[in-house]
Amino acid sequence: EAVRVRRVAGLPPPWTADPVIATYRFCNVRREDDLVTRWIDRRVRRPYADHPLLWLMLCLSRQVCWPDTLAELIDGGGWPDDDGDAWADRAVHIMNARRDRGDKVYTGAYMISAPPTRGACKQDYVVRAVVGGLWRARDQLPDWRTATLESTSAWIRARAPGWGPFMAYQAVVDMRFCPGLLADASDVATWAAAGPGTIRGLNRIAGRDVDAKLPQADALREILALWPTIEAKTYVAVDLSDVPNILCE
């Protein structure tokens, strides 16, 4: 966090004497400060704040999670809208065109689900099955006035393939910072999901084998216990959703 503050302030590098932090790339302490999250906030969360499909846009954003691709989808009409399935057709076309010309389509930070059929088109699967499954279930949406992070994550995972606890949580955390979606959810300070990287981090801290299995309920208890410790030891205020992010590092 000190490195981020110095860099944002415009101070010249090096911003730290720590050779590991100086040499390698890490996520920021706060997920909201990460480059892609800032991009999604600037190009998706704010411009579409009042759009009824903002929740679906955020789900698509996290499945792709690559700004150049997302910008093409937004500018080229491959973006969720109220015109039936036409947006999905355009999205697949745009993403395949990027692939065919050798441009990067997805982030390298997440393990994006591959289609179950060998040789099937990944772009078609992501748009029509992973995100499309949610699109087709849009009339079953939870009531945002009473929805929680946990219930929304469960809703996403139950309605389409390709949404494990980690990926669903990434979309839900974006919604957590959106008024009208989950900004006022009752569990923003009591519930978080633990993906594989978070569990490995918890295992390291607890002295367990790094690949030890850890049920979500146990992971949540440890995340909640770590949260005040992180703030007390570092003097950095973090959201609960930042703790799984930190543990991944």
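Arg101 is partly exposed, with a relative accessibility of 44%. The model described here is predicted. In this model, the side chain of Arg101 meets that of Glu72 in a salt bridge, at 2.4 Å from N to O. Glu72 belongs to helix H5, whereas Arg101 lies in the loop between H6 and H7, so the bridge ties together parts of the chain 29 residues apart in sequence. Glu72 is also partly exposed, because its relative accessibility of 27% falls between the limits of 20% and 50%.

Just after H6, Gly102 adopts a positive phi of about 85°. Several residues of H6 are buried: Trp87, Ala88, Ala91, Val92, Ile94, Met95, Asn96 and Arg98. An α-helix has 3.6 residues a turn, so residues three or four places apart point the same way. The cover over the buried residues of H6 includes helices H4 (54–64), H5 (67–75) and H7 (122–136).

Aromatic contacts come next. A pair of aromatic rings is described by the distance of the centres and the angle of the planes. The structure contains four aromatic pairs. One of them joins Tyr48 and Trp79; the pair is tilted, with 6.3 Å between centres and 45° between planes. Its members are 31 residues apart and link distant parts of the chain, with Tyr48 in the loop between helix H3 (35–45) and H4 and Trp79 in the loop between H5 and H6. Trp79 has a relative accessible area of 5%, so this residue counts as buried. The rings of Trp87 and Trp135 also pair, with centres 5.6 Å apart; their planes meet at 75°, so the arrangement is edge-to-face. This pair links helix H6, through Trp87, to helix H7, through Trp135, across 48 residues. Trp87 is buried at 1% relative accessibility. Trp135 is buried as well, at 4%.

Two charged side chains lie over aromatic faces. Lys104 sits over the face of Trp66, at 3.9 Å from the ring centre. Arg176 sits over the face of Phe177, at 4.4 Å from the ring centre.

The largest nonpolar core comprises 76 residues. Val44, Trp55, Trp163 and Met175 have the most contacts inside this core. Beyond its neighbours within four places in sequence, Met175 is in contact with Trp55, Leu58, Cys59, Trp144, Thr152, Ile156, Leu181, Leu182 and Ala183.

Side chains of opposite charge can pair when their charged atoms come close. The whole structure holds 22 salt bridges. Within helix H7, Arg128 and Asp124 are four residues apart, about one turn of the helix. Their side chains form a salt bridge at 2.5 Å, N to O. Arg128 is partly exposed at 30% relative accessibility, and Asp124 is partly exposed at 29%. Arg208 forms a salt bridge with Glu222, with the closest N and O atoms 3.0 Å apart. This pair links distant parts of the chain, 14 residues apart: Arg208 lies in the loop between helix H10 (196–206) and helix H11 (216–234), and Glu222 lies in helix H11. Arg208 is partly exposed at 29%. Glu222 is partly exposed, with a relative accessible area of 24%. A network of salt bridges links Arg31, Glu32, Asp41, Arg45, Arg46, Arg62 and Asp174.

Notes
Residues numbered from 1 in each chain as written. Predicted model: local features only at pLDDT ≥ 70, side-chain atom pairs only at ≥ 80, totals over all residues. Heavy atoms only, no water. Buried < 20%, exposed > 50% of the residue type's maximum accessible area, 1.4 Å probe, protein only. Helix = DSSP H or I, 4+ residues; strand = E, 2+ residues; numbered from the N terminus. Contact = heavy atoms within 4.5 Å. Core = buried A, V, L, I, M, F, W, Y, C linked by side-chain atoms within 4.5 Å. Phe/Tyr/Trp six-rings, centres within 6.5 Å; stacked < 30°, edge-to-face > 60°. Lys NZ or Arg CZ within 6 Å of the ring centre and 35° of its normal. Salt bridge = Lys/Arg side-chain N within 4 Å of Asp/Glu carboxyl O.
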